[in-house]
Number of protein chains: 2
Amino acid sequence: MKPWEKNIRRVTPYTPGEQPKEKDIIKLNTNENPYPPSPKVMEAELELEQLRFYPDPSAMELVEAIARYHGLNNDQIFVGVGSDDVLAMSFLTFFNSDKPVLFPDITYSFYDVWADLFRIPYETKALDDDFCLVAKDYYAANGGVIFPNPNAPTGIAEKLSFVKDILDHNQDVVVIVDEAYIDFGGESACTLLDQYENLLVVRTFSKSRSLAGMRIGYAMGNKKLIQVLNDVKYSFNSYTMNYPTIVMGKASIEDEAYFRETVAKVVKTREWFKEELARLGFLYFESSANFVFAGHKEIPAKDIFEAARNKKIFIRYFDKPRIRDYLRISIGTDEEMKVLVSFLEQFVKEWKNT
Amino acid sequence: MKPWEKNIRRVTPYTPGEQPKEKDIIKLNTNENPYPPSPKVMEAELELEQLRFYPDPSAMELVEAIARYHGLNNDQIFVGVGSDDVLAMSFLTFFNSDKPVLFPDITYSFYDVWADLFRIPYETKALDDDFCLVAKDYYAANGGVIFPNPNAPTGIAEKLSFVKDILDHNQDVVVIVDEAYIDFGGESACTLLDQYENLLVVRTFSKSRSLAGMRIGYAMGNKKLIQVLNDVKYSFNSYTMNYPTIVMGKASIEDEAYFRETVAKVVKTREWFKEELARLGFLYFESSANFVFAGHKEIPAKDIFEAARNKKIFIRYFDKPRIRDYLRISIGTDEEMKVLVSFLEQFVKEWKNT
């Protein structure tokens with residue numbers, strides 16, 4: 001090792017979900033939406049002249065559109081480059097206690113990463129045997145609470161009364177509800193924003209709005225929370241969301257009819273797919289998201305994962321404690337899911353015959 | 001203060017340079033390019049269908065185009081959301097020593113911000129009376145060196161032999177040369193990449209490529225440096241550069257003729273403007289950037305700044321030690337600079353008559 005290499009930060013490189021380039025694959029591994037975004041996104045007018053200027057650091061046009069959509073004020077909305085950016089900024093801004101931040105043991109894989117990055121103490125709380133969060137685990141003294149609802153990779157949504165219970169027991173810290181998948185099912189904590197000024201609700205355009213390629217996330221909360229999030233953001237990088245994103249993101253959230261139509265299609269396909277899974281001998285969790293977390297009663301998940309991959313069907317397998325018997329399968333189009341079901345049917349049949 | 005407010009991170013909110021919305025102003029305050037980006041940027045084909053997928057985390061299409069432009073290999077290029085993102089990531093990745101990182105006292109205003117954010121010890125070294133860097137100040141034991149070349153807000157470029165001298169005396173740490181303005185003058189350290197494997201050169205599309213609104217920056221270095229930068233980036237946020245940026249950025253760097261033409265225009269206007277400044281009794285530094293740092297021999301800079309603002313001409317004034325007698329004036333179109341010169345001429349005349 002050369003001397004200059006000594007001061008280099010050591011990290012465990014993260015391997016993002018596979019993004020294969022072939023066109024003839026069925027890609028059900030990263031919870032992308034099977035339908036393109038609203039055509040209005042491409043019709044939104046971009047001015048070449050505008051590109052030479054720094055973008056509006058407040059992204060006000062997009063903030064206004066999101067606020068209007070939710071019936072909130074502009075000063076209750078913070079936008080970021082994907083919900084990963086919003087969440088990382090929230091960790092940095094709100095979790096500065098010596099007490100541990102609490103989140104589930106099985107959950108979005110970046111929470112512990114950001115905690116480590118910003119040297120925030122944390123403790124994970126085990127999901128119960130049904131893979132649900134246990135409210136009383138979050139009554140313990142803590143420096144903040146964060147959980148996704150619906151949770152990932154299970155897809156299970158907790159009731160609003162559960163979220164309220166967590167908030168009632170955590171009045172002295174910021175509680176973040178990560179609602180990346182809420183548009184596909186479950187009750188949003190948005191309705192609690194008036195009652196709980198320590199609540200932050202985080203959303204993304206990547207799933208229900210088919211804009212993973214654009215990177216847009218946002219947080220909703222009382223104006224004090226939003227103000228400090230912006231203060232922290234501006235303090236070290238003012239211009240993160242570019243001009244095309246502001247314009248195209250606005251066009252997306254204003255097309256409510258298209259949004260409702262595509263979300264309904266995904267939900268309908270999911271419910272059909274669950275029935276097929278049951279028929280084929282799979283156990284699955286009651287998903288409220290755009291994916292299903294399922295495992296076969298007899299066949300190892302890893303075998304199914306690998307066989308599917310050989311047929312150019314990409315699903316997600318996590319080789320981790322407690323969840324290595326399951327596969328996370330994103331909901332594709334009806335056509336894609338039918339190909340998957342045929343493959344599964346065949347695979348189960350052959351497996352039983354050997 | 002509510003209990004939940006106690007753990008919130010306290011920061012000094014940064015006030016970005018004014019981005020006034022009126023159309024009839026002359027905006028010479030944030031070093032944007034007065035010419036629009038290459039028309040090819042808007043002609044680049046975006047596919048609606050592609051937006052539903054997560055973007056390529058390696059932004060390989062853009063990386064390839066940049067590598068080709070510089071005659072480097074793909075594994076020598078790291079791209080980020082503006083050079084602010086690239087620089088912040090570089091601080092996080094390379095500056096992990098207990099010894100202080102060194103940079104000039106008068107320089108880009110975010111270096112100390114990132115050092116504070118990541119708890120990196122640092123020491124600033126004073127520019128000399130001519131506002132130049134002093135090479136031997138950087139011979140001291142340190143945890144890394146960073147400086148812009150040309151420097152900001154002075155616009156002064158140090159010679160390649162100076163950069164080489166810094167590198168020769170700093171073989172055990174990473175040395176970052178921030179070349180945000182290099183396309184407008186000065187000698188790039190790119191030619192030293194083969195000799196110094198601890199050298200990182202950082203660039204931006206925001207100035208010479210008229211794409212401040214798009215947020216594209218990049219770093220060039222040996223493949224080990226680039227590899228660890230990517231490892232650190234992927235470890236906590238894999239998808240930062242969106243799909244349109246990759247496609248449009250590629251179109252920009254491939255239009256060499258347009259780039260040369262607009263850069264030449266800015267440089268020509270700058271040289272004319274310097275002569276006008278001399279004629280009007282201003283002192284200025286020999287700028288190699290797309291701005292000039294100048295102060296009048298008799299009139300306080302702040303007075304000129306405020307009077308210009310009243311005439312809807314926006315320039316930059318820093319109320320800070322050592323530089324409060326100067327104004328940083330971005331180079332606009334010939335027409336814009338003529339309006340500014342007329343204003344200055346009139347203002348100087350009136351000031352002398354009172």
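Let's start at A:Asn237, which sits in the loop between helix H6 (223–236) and helix H7 (243–253) of chain A; helices (H or I, at least four residues) and strands (E, at least two) are DSSP runs, numbered from the N terminus. This is a predicted model, where local features need pLDDT of at least 70, side-chain atom pairs count only at pLDDT 80 or more, and totals for chains, interfaces and linings use all residues. Residues are numbered from 1 along each chain as its sequence is written, chains are lettered from A and ligands numbered from 1 in the order in which they are written, and side-chain values use heavy atoms, with hydrogens and water left out.

**A:Asn237 and the other chain**
- A:Asn237 is buried, at a relative accessible area of 9% (buried means under 20%, exposed over 50%, partly exposed in between, with a 1.4 Å probe and protein chains only).
- Leaving aside residues up to four places away in sequence, A:Asn237 touches B:Asp84, B:Asp85 and B:Phe110, contact being heavy atoms within 4.5 Å.

**How the copies relate**
- The same surface serves both: 100% of chain A's contact residues recur in chain B.

**Helix H2 of chain A**
- In H2 (residues 60–70), the buried residues are A:Leu62, A:Val63, A:Ala65, A:Ile66, A:Ala67 and A:His70.
- Their cover includes strand S2 (77–80), strand S7 (199–204), strand S8 (217–220) and H7 of chain A.
- After H2(A) comes A:Gly71, with a positive phi near 65°.

**Cavities**
- There are 10 cavities of 30 Å³ or more; a cavity is a set of points on a 1 Å grid over the protein atoms alone where a 1.4 Å probe fits but cannot get out, and lining residues have an atom within 4 Å of a point.
- The largest cavity holds about 410 Å³ of space, a volume being the space filled by probe spheres set on the points, which are joined across faces, edges and corners.
- Its lining has 22 residues, with A:Asp85, A:Met89, A:Phe236, B:Asp85 and B:Phe236 nearest the centre.
- H3(A) gives the largest share of that lining, five residues.
- The second largest cavity has a volume of about 120 Å³, and its lining includes A:Arg9, A:Phe118, B:Arg9 and B:Phe118.

Technical notes
On a 1 Å grid over the protein atoms alone, a cavity is a set of points where a 1.4 Å probe fits but cannot get out, and a pocket is an open set with protein on both sides within 12 Å along at least five of seven lines; lining residues have an atom within 4 Å of a point.
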